[in-house]
Amino acid sequence: MITLTVTTVPVSWSAIAPEIVLLSCACVLLTCAIFLPARLAHPVGAAVAAGAFAAAMVAPIAQWHDAPRTAFDDTLRIDAFGNGARLLIFAAGLLAVVVAWGMPHLFDRAVEYHALLLAAAAGMSLLAVSNSLVIAFIALELFSIALYVLVAIDVDALPGLEGALKYLIVGSVGAAFLLYGSALVYGATGQFEFDLIAQSIRHGDAHGGVLLLGVAMIIVGLGFKANSAPFHMWTPDAYEGAPTPVTAFMSAATKTVALVLAFRVLVAAFGEDSAIWQDAVGALAVASFAVGNLAALRQANVKRMLAYSTIGHTGFLFTAVAVHTQAAARAMFYYLAIYSLMNIGAFALVAIRERELGRPVLIDDFRGYAYRRPLLALSMVVFMLSLAGLPPMGGFIAKITIWSSAVDGGQTYLAIVGVAATLVGLGYYLKIPFALVDRDVPIPESPYRPAFAVTSATVLATAVAVMVLGIIPGPLLDLAQTASASLIGR
Amino acid sequence: MHIGVEYFVSVSAIVFGIGMFGVFTRRSPLILLLSVELMLNSCNLTLIAFSRYWGDQSGQVFALIVMGIAASEVVVGLGLVVAVARRKADLDVDRLTALRH
């Protein structure tokens, strides 16, 4: 008798545990949505999503100190670098659930909002540990498509629809560049897995010209996803049009995952040939510094200003990629954690102000705010000082570590441009603290609407975290050290 | 029959260029989606050509995956176009009723 067996690739459930949890919760949520009464949709959606994000954190934390390993036939690489990025993404997702709590115009689509948030986080989580251009593309599209819908989740608002359409088209062009680059690298080396590509290049089997073009197109594709100038044109529209909790999640998690992918693919696959991409990434960093900071100076809308500021922050993060030493990876990780916290906090505050006013928030709308909601105003000052990179906030340490790694890594010009960009940045970040304490604005006599307790608590918690992590950066830097050491042994 | 891989790569590069040109010059969302599809399909052609060149199946599998992903992307894109169009149509209908009174 013949027993027929099928040999599959080795399966490691623990490697994809977070993705399984997130996607199955998203499916359960969408299925249950049919039976849920409308008034329960938001509480149940938020509870399931928060539970799923918390559960997804278990595996990365449990595997934190494990030695790096590959899974699923070398297509995934589970290491502290990827797991750290996963934790940042899940934390951002959790905060997005909390910030959205009580958003009136999300009530109609609360279940869809939370299910899409889970799907997007699952894609990002997979991307963070991907070790193959195929998996990277699938994961990238999984989270991108979920985000396109999330931006337009409020289908009755034209800005959201327009932002989503622009995001979709420009995002797809970016994905097409990444894909074409992947195809060319495959043509040059015959491999999709990062370590096998590196091996093929080391053995001199690769076709130089095709490989060069492929790497260039991959960098362009990554530039689109990391909203680096000159591929940033979708950013302000999508960030402004999206509901603010979605903007908060996008700005933090998308940036994290795009930078982690950029670092991983460039170091793991093309690390030997760093001369061919180092200057290109450096040029993108300089362009992002210039475009992000100069354009932000002219913005009156707070969300749009913060959108341009995220482009400026891409400059710092791409500086770390261009330097690509272990110290740079550590600095990038610390920067990403602080950046996520302060951006989500700032956007959450904008969401609160938006709900108070019932319209988009201008910088002038913060005039005299310190005399009405002192704690929230104080948090805003913390976020703005941290985004600007002033001590004693986390943003200061983040910038210092990036600069010192750039100088040690022989990319001093990037540190110099970064300092100049920071000085320009003061020009727009400090507008808001000055507006907050403006005494000339008459305080309206109408009673304030009740404070948004959950969102306000989130804002305060993130503000405290940004400050504490700036004053005591040691523990987070140690975690970043573990993460960076798992990718680069230098 | 033997055809050099460079012919396939050239055709795909031309198609990618046409798609890119379309994205940067046209303004209609439908044409833009069409152009993005051209770019993605040129990637598929490259993948399949190199897959045959290396005698390795993974490129072909990837091309199939890309087709699926491109289709789902277009679904979302067309959905957004319809949502925008419907909203604008609503506005027109409102104006019609306003004229009647």
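**Exercises: a helix pair and a cavity**

In H2(A), the residues A:Ala41, A:His42, A:Gly45, A:Ala46, A:Ala49, A:Ala52 and A:Phe53 meet A:Ala110, A:Val111, A:His114, A:Leu117, A:Leu118 and A:Ala121 of H5(A); contact means heavy atoms within 4.5 Å. Helices are DSSP runs (H or I, at least four residues), numbered from the N terminus.

This is a predicted model, where local features need pLDDT of at least 70, side-chain atom pairs count only at pLDDT 80 or more, and totals for chains, interfaces and linings use all residues. Residues are numbered from 1 along each chain as its sequence is written, chains are lettered from A and ligands numbered from 1 in the order in which they are written, and side-chain values use heavy atoms, leaving out hydrogens and water.

**Exercise 1.** Work out which classes of residue make up the contact of H2(A) with H5(A), and at what angle their axes cross.

*Solution.*
- Step 1: the contact has 10 nonpolar, 3 polar and no charged residues.
- Step 2: the axes of H2 (residues 38–56) and H5 (residues 110–129) of chain A come within 8 Å and cross at roughly 15°.
- Step 3: that angle makes H2(A) roughly parallel to H5(A) (angles under 35 degrees count as roughly parallel).

**Exercise 2.** Find which residues line the second largest cavity.

*Solution.*
- Step 1: this cavity holds about 60 Å³ of space.
- Step 2: its lining is A:Leu133, A:Ala136, A:Phe137, A:Leu178, A:Ser182, A:Phe194, A:Ile218, A:Leu222, A:Leu261 and A:Val265 (lining residues have an atom within 4 Å of a point).
- Step 3: H6(A) gives the most, with 3 residues.

Definitions and conventions. Axes fitted to C-alpha atoms, helices over the stretch in contact; angles between N-to-C directions. Helix = DSSP H or I, 4+ residues; strand = E, 2+ residues; numbered from the N terminus. Parallel < 35°, antiparallel > 145°, perpendicular 65-115°, else oblique. Nonpolar A, V, L, I, M, F, W, Y, C, P; charged D, E, K, R; others polar. 1 Å grid on protein atoms, 1.4 Å probe; cavity = no way out; pocket = protein on both sides within 12 Å on 5 of 7 lines; lining within 4 Å. Points joined across faces, edges and corners; volume = space filled by probe spheres on them.
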